[in-house]
Amino acid sequence: MSFFGVQRVSAHGNVTPQPVDTTGLPDVGKDWLEKNPYRGTKDHDLATKIGASGFNQNCARCHGIEAISGGLAPDLRYLDKGADGDAWFINRIRHGYTQNGMTKMPAFEGILSQEAMWAIRTYLDSLYQGDTQ
């Protein structure tokens, strides 16, 4: 479908996940962590940079550029920065989300590494807007 000669692109659809290069980040192991391993460490800045790239390649199409949602998916700038937010984030990115039999978010476990997922979480922390009023 087009509008003034411009082809419309749907946010959801058959989109191939893009790999995230986590070179330079320490291996976090095989067991799934419940807490962001990069928060408050010497690896924080690198994780933020890698996470920004990973987010833009895999998440922005639904969650918006710089996580500013247009209403299709949650605005991740308001995701709690603590343990509750970490738990929600890692569960959702690993397992995806289905509502009424319809996939709203695909599962990324087995596609993105745990390091890539936590780097994306670190990037989202850098955009946090929850405490501003």
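**Exercise 1. Determine how confident the predictor is along the protein chain.**

Solution. The model is predicted, and the protein chain has an average pLDDT of 89. A score of at least 70 is reached by 87% of the residues. Next, consider the individual elements: helix α4 (residues 114-126) has the highest mean pLDDT, 98, while strand β1 (residues 2-3) has the lowest, 40. Finally, consider residues 1-12, over which pLDDT stays under 50. For residues 1-12 the model has ten contacts beyond four places in sequence. Where pLDDT is low, the predicted coordinates should not be read in detail.

**Exercise 2. State which elements the protein chain contains and in what order they occur.**

Solution. Begin with the count: the protein chain holds four helices and four strands. Then read along the sequence, which gives the pattern β-β-α-α-α-β-β-α.

**Exercise 3. Check whether the span of helix α1 (residues 44-58) agrees with its number of residues.**

Solution. Helix α1 has 15 residues. The expected span is 1.5 Å times one less than the number of residues, so helix α1 should span 21 Å. The end C-alpha atoms of helix α1 lie 20 Å apart, which agrees.

**Exercise 4. Identify the buried residues of helix α1 and what covers them.**

Solution. A residue counts as buried under 20% relative accessible area. In helix α1, the buried residues are A47, T48, I50, G51, A52, G54, F55 and N58. Their cover includes α2 (60-63) and α4. For the protein chain as a whole, 38% of the 133 residues count as buried.

Methods
Residues numbered from 1 in each chain as written. Predicted model: local features only at pLDDT ≥ 70, side-chain atom pairs only at ≥ 80, totals over all residues. Heavy atoms only, no water. Helix = DSSP H or I, 4+ residues; strand = E, 2+ residues; numbered from the N terminus. Buried < 20%, exposed > 50% of the residue type's maximum accessible area, 1.4 Å probe, protein only. pLDDT = per-residue confidence, 0-100. Contact = heavy atoms within 4.5 Å.
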